[in-house]
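Visitor: I am new to this structure. Please pick out a single part and take me through it closely.

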Amino acid sequence: MNTADLDTVRKLLSTSKNIVIIPHKNPDGDAIGSTLALHHYLSNKGHQSTVITPNEYPQFLKWIPGENTIKKYSTDTEKCISLLDQADLIFTLDFNHFSRTGDMEALLEKSTAQFIMIDHHQQPDTYAAVTYSDTGMSSTCQMVYHFIEKLKDTDQINQAIATCLYVGIMTDTGSFRFRSTTSTTHQVIADLIDRGADNTMIHEKIYDTNTYSQLQLRGVALKNLKILSDYKTAYITLSQQELDDHNFKKGDTEGLVNIGLSLEGIKFAVIFIENKGEGIIKISFRSKGDFSVNNFSRSHFEGGGHHNAAGGKSELSLQQTVDKFISILPSYQKELQ
Ligand code: 5GP
Ligand code: MN
């Protein structure tokens, strides 16, 4: 965000606004944490602000301060349409293309509100009056911290905001271990703890609330894990039947893709999850080092994301999707060595 952008932001926020804040579809910890943190900050500054998620989010996020004020477009459609109609300013967080909001895409396309994007994914679109995009950032939550910092308002970061921001930085960095975790990330985290984020409580609320059936499903994922050692690749499949057998709920498969990446020598890990309701196979890609899963997913599976973490989808069957994936790998043999 350059000086001109910062001036635009200051000007936009200098009078009381009707603001809507939107994360991507299937929001994760960073999406929910960043939108709620910004919501608290803007409300405290006297704006009317609401977070609208395109759809439902996992149970393990349903304690974050302000979470009970979130409106879901999928179930509260009329209310959300009216909020969007009244909005004169829309923040889009943790995504950079309207298509990432699923069914909300057309509404955003025709909105006359001004947009501010805060995001750390690759290849941002150009819809916003202010695009604060930084692909080197650990998380959108860290960017919201810097956004508040640029507005010289860090003293406004209270316990609620600190808690929301801590959640997203923690979840998007794999608990501060991915390459995007810098010394600045740790400085931000230190400041958030000083401002009231209870780190032990937050870790427990996010990671230690498994049910027995979630752990059993993890067992199925482990059993289904396959290794393609020629390509330093590991993949997992989960069929709709396997999900149904374990009382699957949104969020239950979060992090399972990382199991493959924990194997010694593996550089590329994938999970294919059947979703009969949507008629797709949802795919998560993770890598270590130079291999770009953003490019891989963009080229073959209608997706994208970050260099080392991306998502995509396929409309083939589960088996056909895996077959397609395996047939593509030889053309990446060099990069995967
Ligand atoms: P996950 O595998 O955890 O769903 O997503 C990994 C990363 O890729 C996240 O930053 C997420 O926002 C992004 N991502 C997931 N699915 C898609 C997709 O279908 N398209 C794009 N462009 N990004 C995605
Ligand atoms: Mn993120």
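What covers the buried residues of helix α6?

Guide: First, the ground rules. This is a predicted model, in which local features need pLDDT of at least 70, side-chain atom pairs count only at pLDDT 80 or more, and totals for chains, interfaces and linings use all residues. Residues are numbered from 1 along each chain as its sequence is written, chains are lettered from A and ligands numbered from 1 in the order in which they are written, and side-chain values use heavy atoms, with hydrogens and water left out.

Now your question. The cover over the buried residues of α6 includes α2, α5, α7 and α8 (199-207). Contact here means heavy atoms within 4.5 Å. Helices are DSSP runs of H or I with at least four residues, strands are DSSP runs of E with at least two, and both are numbered from the N terminus.

Take α6 itself. α6 covers residues 159-172. Of its 14 residues, 11 are buried, so α6 is largely enclosed by the rest of the structure. Buried means under 20% relative accessible area, exposed means over 50%, and partly exposed lies in between (1.4 Å probe, protein chains only). The buried set includes Ile 161, Ala 162, Cys 164, Leu 165 and Tyr 166. Val 167, Gly 168, Ile 169, Met 170 and Asp 172 are buried too.

Check the length. At 1.5 Å a residue, the 14 residues of α6 should span 20 Å, and its end C-alpha atoms are 20 Å apart, which agrees. The expected span is 1.5 Å times one less than the number of residues.

Next, the ends. Asn 158 caps the N-terminal end of α6. A side-chain oxygen of Asn 158 lies 3.3 Å from the backbone nitrogen of Ala 160. A polar contact is a pair of N or O atoms within 3.5 Å; within protein, one must be able to donate a hydrogen and the other to accept it, and residues adjacent in sequence count only if both atoms are side-chain atoms. After α6 comes Gly 174, with a positive phi near 55 degrees.

Thr 163 lies in α6. Thr 163 is buried, with a relative accessible area of 4%. Leaving out residues up to four places away in sequence, Thr 163 touches Trp 63, Pro 65, Gly 196, Ala 197 and Ile 202.

α7 is made of residues 183-194. Its 12 residues should span 16 Å at 1.5 Å a residue, and its end C-alpha atoms are 17 Å apart, which agrees. Thr 182 caps the N-terminal end of α7, with a side-chain oxygen 3.3 Å from the backbone nitrogen of Thr 184.

α7 has a buried side. Its buried residues are Thr 185, Val 188, Ile 189, Asp 191 and Leu 192. Seen down the axis of α7, they fall within an arc of 160 degrees, so they line one face of the helix. The arc is taken from the directions that run from the helix axis to the C-beta atoms. An α-helix has 3.6 residues a turn, so residues three or four places apart point the same way. The face of α7 turned away from the buried side carries the exposed residues Ser 183, Gln 187 and Asp 194. The cover works in both directions: α5 (140-150) and α6 are among what covers the buried residues of α7, and α7 is among what covers those of α6.

Last, follow α2, which also covers α6. Strand β1 (residues 18-22) runs parallel to β2, with 4 bridges between them. Two strands pair if DSSP finds at least two bridges between them. Across that pairing, Val 20 stands opposite Thr 50 in β2. Strand β2 (residues 48-53) has 5 of its 6 residues buried, so β2 is largely enclosed by the rest of the structure. β2 also pairs with β3 (residues 71-72), in the parallel sense, over 2 bridges.
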